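Colleague: I would like to learn how to read charged side chains in a model. Can we work through some cases together?

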Amino acid sequence: MQKVRIDLVSDVACPWCAIGYRRLEQALEVLAGEIEVELVWQPFELNRDMPPEGEPILEHLCRKYGKDAATMEQSQREIMAAAEALGLNFRGALERRANNTFAAHRVLAWAGTQHQETALQLALFEAYFGEAKNPADPLVLREKAIEVGLDGDTVEAIARSDQYTEEVREAEQRFMDMGVSAVPGFILDGRYLISGAQPADVLVDALRQVAEENASG
């Protein structure tokens, strides 16, 4: 069975990243027994310069995209519907605030050393879009870490420190240098970049192509 590495560049504050991951899961169900995937999450900050208190999401999106509130709310409701069709909890999406997620990425880097990064990523998507909680709040990170079986004290300590700063900054820069300017970004075997939350069949075809190239090369 061929093995393909996927570096999934993502931010826990990105709705399309949650949707993109669910579509990847659908693709992997199709490829079960055919291709083995090594999934590695990589950091990206949508709101790198956001102050700690954040900003109401519709206010933030209106300013960012130059659109009126009604237009942005309709866009958000369409995203919510797409997410909920995939079984994601986006009930709090309109109540959330735009937050900086650097602390979350530092904790996720540690979770990766514990082989629990995917579980924590999904828990943080739920916290942010389902419960409208700040995914970089040390207490939220603690709560969600405990939910997935990680040590809450360790996670809170990391969130309140500068641990994993260098690792996260280096990873962010590396993938920006590779051409990732928006998320989600799926990088297959370090060679091919697929941008956006593509449908499952697109991911299936791309993974098969890479696996065939690996087999023949």
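**Reading charged side chains**

Modeller: Start with a polar contact: the side chain of Asp11 makes one with the side chain of Thr101, at 2.7 Å. A second polar contact joins the Asp11 side chain to that of His105, at 3.3 Å. Keep in mind that this model is predicted.

Colleague: Where is Asp11 placed?

Modeller: Asp11 sits in the loop between strand E1 (2-10) and helix H1 (15-30). Beyond its sequence neighbours up to four places away, Asp11 touches several residues, including Phe44, Leu46, Phe125 and Val183.

Colleague: Which side chain of opposite charge is nearest to Asp11?

Modeller: Lys64, but it is 8.6 Å away. A salt bridge needs the nitrogen and oxygen within 4 Å. Asp11 is buried and has no salt bridge.

Colleague: How many salt bridges does the whole structure have?

Modeller: The search finds 20. One of them pairs Asp153 with Arg142, at 2.7 Å from N to O. Asp153 lies in helix H7 and Arg142 in helix H6, so this pair ties together parts that are 11 residues apart in sequence.

Colleague: What does Arg191 pair with?

Modeller: Arg191 meets Asp189 in a salt bridge at 3.8 Å. Arg191 also forms one with Glu213, with the closest N and O atoms 3.2 Å apart.

Colleague: Is Arg191 buried, exposed or partly exposed?

Modeller: Its relative accessibility is 42%, so Arg191 counts as partly exposed.

Technical notes:
Residues are numbered from 1 along each chain as its sequence is written. This is a predicted model: local features need pLDDT of at least 70, side-chain atom pairs count only at pLDDT 80 or more; totals for chains, interfaces and linings use all residues. Side-chain values use heavy atoms; hydrogens and water are left out. Helices (H or I, at least four residues) and strands (E, at least two) are DSSP runs, numbered from the N terminus. Buried means under 20% relative accessible area, exposed over 50%, partly exposed in between (1.4 Å probe, protein chains only). Lys and Arg count as positive and Asp and Glu as negative; His and the chain ends are not counted. A polar contact is a pair of N or O atoms within 3.5 Å; within protein, one must be able to donate a hydrogen and the other to accept it, and residues adjacent in sequence count only if both atoms are side-chain atoms. Contact means heavy atoms within 4.5 Å.
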